[in-house]
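Welcome! Here is a short briefing for anyone meeting this structure for the first time. Please have a look at the sequence and the model before reading on.

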Amino acid sequence: MISIESLTFQYEGSTEPAVKDITLNIEDGGFFGIIGPAGAGKTTLARALCGIVPHHYKGDFYGSVTVDSMDTVDSKMTDICRVVGMVFQDVESQIISSVVEDELLYGLENYGIPHEEIEERMDFALREVGIEDLRYRTIASLSGGQRQKVAIASVIALRPKVLLLDEPTGELDPGSSRQVFGLLKTLNEKYGITIVVIEQKIMLLSEFAKELAVMSGGSMFCHGPVREVLKRARELEEIGVNCPRVASLAQNLHKEGLLKTPVLINVDEAEAAVRRLIS
Amino acid sequence: MKDLFQYTAGDSVIHKLNPLTRILLAVAVCAAAFVSDNLYYLVGLLCFDMLLGLLAGVFGKALSLLKGLLKISIFLFILQILFVRKGNRVFWIITDQGLILAAKVVLRLMIACIPLALMLAVTQISDLANALVQVAHVPYKYAFTVTTAIRFIPQFMEEMADIMEAQTARGVEFDTKNGLKKIGMMLPLCVPLLVTSVRRTDAAAAAAEARGFELRNRTSGYKKYPFHWCDLLAVLVCAALIAGAVII
């Protein structure tokens with residue numbers, strides 16, 4: 001679906017490239033997590049995936065990004081954004097309208113979706129995100145979590161093949177964060193939408209994502225299936241990425257020879273493993 | 001002040017008007033205020049402003065607007081009565097004509113400021129933009145520029161309040177009673193405000209582009225903005241207001 005070949009990008013006026021020599025393949029229907037410390041180039045990578053880099057944010061662009069067999073440099077940004085729907089980090093600046101319904105309409109109207117189809121698409125987006133009751137509310141009256149959901153709904157109403165989210169749970173409490181990830185999982189499994197999510201909360205990523213990419217200092221540190229990546233817990237901690245506590249536990253048990261697998265990715269797995277050990 | 005620009009939902013007669021008619025109504029009131037030279041008519045127009053607020057269900061907002069204008073009105077009033085030299089002396093250097101002229105200036109200021117703010121309070125900016133594009137054939141880019149500017153006003157005010165709070169927490173005396181001193185302290189804050197605003201505007205532009213801003217044209221709008229009989233009525237009221245101002 002998306003393939004990145006040795007991508008290097010340096011913003012206009014900056015002295016160092018924001019991302020360096022990144023090569024990555026994102027499969028159709030995958031659930032892909034990107035993690036890394038602040039300033040690792042995650043947001044720039046996300047912008048490159050949906051064409052905002054280099055179309056809106058100018059700079060020196062080397063390598064290539066291909067989305068659904070379109071080269072992002074040669075194609076129009078609006079064509080790329082139809083395939084890759086992006087939910088921005090700063091939800092406040094993404095929201096254009098003052099009422100939820102208008103916010104959903106905005107993209108649908110612009111992309112020329114036939115007017116008889118619009119109602120159905122809005123219903124779909126509001127239902128899947130679970131905010132049907134907010135349809136006629138003003139944005140100003142919503143909480144942070146609700147605004148986040150409105151932003152997601154406004155993007156999935158466009159039915160993109162890829163949904164790209166930049167730190168969607170940045171301002172949410174743990175409960176709402178899980179809800180958002182649950183929603184992403186549904187979209188991924190039920191509708192086959194490819195999910196690419198930048199996230200700081202490793203616990204959520206390791207539980208929901210199928211593949212993980214770790215970035216550091218603008219470069220790709222490592223990527224692969226979640227279990228493979230979490231095997232390198234020590235190295236990850238060195239570059240400033242915390243590992244789930246269950247992963248550290250698993251590594252310690254593995255080192256002591258008590259556990260066969262070096263990786264556990266969620267509490268349920270850890271519980272089962274420890275129970276087995278005790279009995 | 002902050003919630004002044006925020007949309008107030010409702011089901012009033014004013015809400016049912018076409019967004020363009022609402023703006024026309026506001027402009028007509030302003031025009032009438034400047035055309036008329038009759039003190040009683042001006043008082044009547046001010047009452048009409050308040051009536052608009054009442055009809056739109058935002059009377060409280062109208063009152064707070066009036067209150068907000070009070071200080072500058074008093075200032076203007078005093079200047080006028082001191083500088084107008086014509087007419088018979090009433091008291092000290094104050095003349096009867098000066099008093100009348102000052103009252104007229106102050107009334108005009110109030111009448112002209114209130115209706116547009118009221119109409120914007122009961123009109124969603126996106127509706128206004130859509131109506132401008134669909135009905136008045138304004139190119140979408142211009143409509144978007146204007147509506148985005150209006151939409152950002154409360155956000156900037158919020159941002160300014162945040163910056164000031166942060167500075168107060170670090171010992172800057174924003175709670176001082178001395179207005180000049182306060183303005184002096186606010187000036188350097190314009191830089192951070194400008195920087196965050198530019199950054200935010202740029203992010204908003206990127207987000208709008210990502211959702212097909214470029215592709216939008218006159219026929220894109222899903223909601224339609226037809227004119228009803230109440231719009232006709234409002235246009236008649238506008239005409240009557242201006243005609244009244246000319247005649248009386």
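What follows goes from the whole chain to its domains, its partner chain and its strands.

Please keep in mind that this is a predicted model. Chain A contains 13 helices and 10 strands. With a radius of gyration of 20 Å, close to the 19 Å that the globule rule gives for 279 residues, chain A is as compact as a globular protein of that length.

**Overall build of chain A**

- Of the 279 residues in chain A, 48% are buried.
- Looking at contacts in chain A between residues at least 6 apart in sequence, 63% join residues at least 24 apart.

**Two domains in chain A**

- Where the domains touch, domain 1 of chain A contributes six residues and domain 2 of chain A contributes four residues.
- On the domain 1 side of this contact, the elements giving two or more residues are α9 (202-208) and α10 (226-230) of chain A.
- Of these, α9(A) gives the most to that side, with four residues.
- By class, the domain 1 side that touches domain 2 in chain A has three nonpolar, one polar and two charged residues.

**Where chain A meets chain B**

- The contact between the chains takes 27 residues from chain A and 24 residues from chain B.
- Four helices of chain A give two or more residues to the side that touches chain B: α3 (77-83), α4 (91-94), α5 (100-110) and α6 (115-129).
- The largest share of the chain A side comes from α5(A), which supplies six residues.
- The residues on the side of chain A that touches chain B divide into 13 nonpolar, 11 polar and three charged.

- Which way do the strands around β3(A) run? Strand β3 (residues 31-35) of chain A is joined by four bridges to strand β8 (residues 194-198) of chain A, and the two run parallel.
- Another four bridges join β3(A) to strand β9 (residues 211-216) of chain A, again in the parallel sense.
- Phe32(A) makes a handy landmark here: this residue stands opposite Val196(A) in β8(A) and opposite Glu211(A) in β9(A).
- Five of the five residues of β3(A) are buried, so this strand is largely enclosed by the rest of the structure.
- From β3(A), Phe31(A), Gly33(A) and Ile35(A) point one way, while Phe32(A) and Ile34(A) point the other way.
- Strand β8(A) also has five of its five residues buried, so β8(A) is largely enclosed by the rest of the structure.
- In β8(A), Thr194(A), Val196(A) and Ile198(A) point one way, and Ile195(A) and Val197(A) point the other way.

**From β7(A) to β8(A)**

- Strand β7 (residues 162-166) of chain A pairs with β8(A) in the parallel sense over five bridges.
- Within this pairing, Leu165(A) stands opposite Val197(A) in β8(A).
- Together, β7(A), helix α8 (residues 174-191) of chain A and β8(A) make a right-handed β-α-β unit.

**An antiparallel sheet**

- Strands of a sheet pair through backbone hydrogen bonds, either parallel or antiparallel.
- Four strands of chain A form an open sheet with antiparallel pairing, in the order β2-β1-β4-β5.
- The edge strands of this sheet are β2 (19-26) and β5 (70-71) of chain A, and each pairs on one side only.
- Inside the sheet, eight bridges join strand β1 (residues 2-11) of chain A to strand β4 (residues 59-67) of chain A, and these two run antiparallel.
- Ile2(A) stands opposite Val67(A) in β4(A).

Terms used: Residues are numbered from 1 along each chain as its sequence is written. Chains are lettered from A and ligands numbered from 1 in the order in which they are written. This is a predicted model: local features need pLDDT of at least 70, side-chain atom pairs count only at pLDDT 80 or more; totals for chains, interfaces and linings use all residues. The radius of gyration is taken over C-alpha atoms; the globule rule is 2.2 Å times the number of residues to the power 0.38. A residue is buried if 20 or more other C-beta atoms lie within 10 Å of its own, exposed if 12 or fewer, and partly exposed in between; C-beta atoms are placed from the backbone. Two residues are in contact if their C-beta atoms, placed from the backbone, lie within 7 Å. Ala, Val, Leu, Ile, Met, Phe, Trp, Tyr, Cys and Pro count as nonpolar, Asp, Glu, Lys and Arg as charged, and the others, Gly among them, as polar. Two strands pair if DSSP finds at least two bridges between them. A crossover is right-handed if, with the strands pointing away from the viewer, the path from the first strand over the helix to the second runs clockwise.
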